[in-house]
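Here is a short report on one protein model. Look at the sequence and the structure first, then read on.

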Amino acid sequence: RLTRVALVHLRLLSGEESLSRIAFVTVPDHMILIVLQSGSHPAPFWGGIVMQAGEIITVGPGSRAYMRTDGACRWTTILVPVRDLARYGREMVAETFTIPDHIRQWQPPRAAERVLRHLYGASIRTVEAGHPELIGREAAHGLDQQIIDALVECLSAGSIATEMPTVRRYQVIMARFEALLEKPDHDNASLT
């Protein structure tokens, strides 16, 4: 089951799956992907990173990552335009606010992470309950602003690890594997 909420600038996606799978995700160059915890449901692995309670993961603009599940799971993501997140971040925090350029794991302040999950959850539940009309243009704009504010607060604390060489190596391997699969002549292709 997939639930999608299109606000003014943000795209909220919630997926519920019953089987294991591996997906290869490419984030558009002008967007950043935010991955949230989904309550008590098992979280997928993103680029080899296992999310712990209270953490979020960011996948930077133009980045490619794989998502793996080990069975039934629920995943929750937000697509944010880089331009908007950068502008609000610099206005709210300072000129030092930067957009993550690859996969990063974050341990945001507990209150900010709770606010972000609450706003996200309320939006998804409204649509899943069959009442998308409750999120009118003004409400969508307000939700956009509140979610971006919470995101900036979450990302201002700094990431848990600024560079993960093993994760980067896995990303390169998976990108090469995907390119191999996309080649029309699989019989003569080799992965070196």
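About how many helical turns separate arginine 117 and glutamate 113 in helix H2?

## A pair within one helix

The answer is about one turn, because arginine 117 and glutamate 113 lie four residues apart in helix H2. Helices (DSSP runs of H or I, at least four residues) and strands (E, at least two) are numbered from the N terminus. The side chains of arginine 117 and glutamate 113 meet in a salt bridge, at 2.6 Å from N to O. A salt bridge here is a side-chain nitrogen of Lys or Arg within 4 Å of a carboxyl oxygen of Asp or Glu.

Glutamate 113 is buried, at 4% relative accessible area. Arginine 117 is partly exposed, at 32%. Buried means under 20% relative accessible area, exposed over 50%, and partly exposed in between (1.4 Å probe, protein chains only).

## How the model was read

This is a predicted model: local features need pLDDT of at least 70, side-chain atom pairs count only at pLDDT 80 or more, and totals for chains, interfaces and linings use all residues. Residues are numbered from 1 along each chain as its sequence is written, and side-chain values use heavy atoms, leaving out hydrogens and water.

Side chains of opposite charge can pair when their charged atoms come close. The whole structure holds nine salt bridges. One of them joins glutamate 128 to arginine 74, with the closest N and O atoms 3.0 Å apart. This pair links distant parts of the chain: glutamate 128 sits in helix H2 and arginine 74 in strand S8, 54 residues apart. Glutamate 128 is partly exposed, at 32%. Arginine 74 is buried, at 13%. Shared partners join Arg1, Glu16, Arg74 and Glu128 into one network of salt bridges.

Aspartate 70 pairs with arginine 68, and their closest N and O atoms are 2.6 Å apart. Aspartate 70 is exposed, at 57%. Arginine 68 is partly exposed, at 28%.

## The nonpolar cores

A nonpolar core is a set of buried Ala, Val, Leu, Ile, Met, Phe, Trp, Tyr and Cys residues joined through side-chain atoms within 4.5 Å. The largest one has 32 residues, and Leu7, Ile78, Leu85 and Ile147 have the most contacts inside it. Strands S4 and S8 and helices H1, H2 and H3 each give two or more residues to this core. H3 gives the most, with nine.

Which residues does leucine 85 touch? Leaving out residues up to four places away in sequence, they are Ile32, Val80, Phe97, Ile99, Leu151, Val152 and Leu155. Contact means heavy atoms within 4.5 Å. Another core lies apart from the largest one, with 17 residues, among them Met51, Val59, Ala65 and Cys73.
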